[in-house]
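Welcome! Take a moment to look over the sequence and the model below, and then we will walk through them together.

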Amino acid sequence: MTGFYHISHPKMTVGVTVEDGIITEAPPVVRKFIGQPLDNLIGWIRSPELVVTSVLSTCFTTENSANTEPTKD
């Protein structure tokens, strides 16, 4: 499990970067989970309202999209 994940709960929404199942980047509110498995953060929140969404990292790269024209199918 590698990529960027949105962890959403009624009290907060955070985005974390995960490499091989381990959180490598996180905002200050969950920074203590850096170096820990993503499941630890999910377990800490423990809520039936929790939503975890994986976001493809390629969606946010600008390196290849700067001068790209839309394609017509």
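His9 is buried, with a relative accessible area of 18%; buried here means under 20%, exposed means over 50%, and partly exposed is in between (1.4 Å probe, protein chains only). This is a predicted model, in which local features need pLDDT of at least 70 and side-chain atom pairs count only at pLDDT 80 or more, while totals for chains, interfaces and linings use all residues. Residues are numbered from 1 along each chain as its sequence is written, and side-chain values use heavy atoms, with hydrogens and water left out.

You will find His9 in strand β1. Helices (H or I, at least four residues) and strands (E, at least two) are DSSP runs, numbered from the N terminus. Leaving aside neighbours within four places in sequence, His9 is in contact (heavy atoms within 4.5 Å) with Ile45, Ser47 and Glu49. With Ser47 there is also a side-chain polar contact of 3.3 Å. A polar contact is a pair of N or O atoms within 3.5 Å; within protein, one must be able to donate a hydrogen and the other to accept it, and residues adjacent in sequence count only if both atoms are side-chain atoms.

## The sheet

In what order do the four strands of the open sheet run? The order is β3-β2-β1-β4, and the pairing is antiparallel. β3 and β4 stand at the edges with a single partner strand each, so one side of each has no neighbour in the sheet. From one strand to the next, the twist averages 40°; axes are lines fitted to C-alpha atoms, for helices over the stretch in contact, and angles run from 0 to 180 degrees between N-to-C directions.

Strands count as paired if DSSP finds at least two bridges between them. β2 and β3 pair in the antiparallel sense over three bridges, and Glu19 has Ile22 in β3 as its bridge partner. Strand β2 also holds Thr17. Its contacts, apart from neighbours within four places in sequence, are Gly3, Phe4, Ile22, Ile23, Thr24 and Glu25. Thr17 and Thr2 are 15 residues apart in sequence, and their C-alpha atoms are 7.7 Å apart in space.

## The nonpolar core

In soluble globular proteins, nonpolar side chains tend to be buried together. The largest nonpolar core here has 13 residues, and Ile7, Val16, Ile23, Val30, Leu38 and Leu41 have the most contacts inside it. Such a core is a set of buried Ala, Val, Leu, Ile, Met, Phe, Trp, Tyr and Cys residues joined through side-chain atoms within 4.5 Å. Ile7 touches a list of residues that includes Met12, Val16, Leu38, Leu41 and Val52, not counting residues up to four places away in sequence.

## The helix

Which residues of α1 are buried? They are Leu38, Leu41 and Ile45. Seen down the axis of α1, these buried residues fall within an arc of 65°, so they line one face of the helix; the arc is that of the directions from the helix axis to the C-beta atoms. What covers them includes β1, β2 and β3 (22–25).

Arg46 follows α1 and lies in the loop between α1 and β4 (51–55). Its phi is positive, about 35°, although Arg46 is not a glycine. Arg46 is exposed, with a relative accessible area of 70%.

Asp20 is in the loop between β2 and β3. This residue is not a glycine, yet it has a positive phi of about 55°. Is Asp20 buried or exposed? Asp20 is exposed, with a relative accessible area of 70%.
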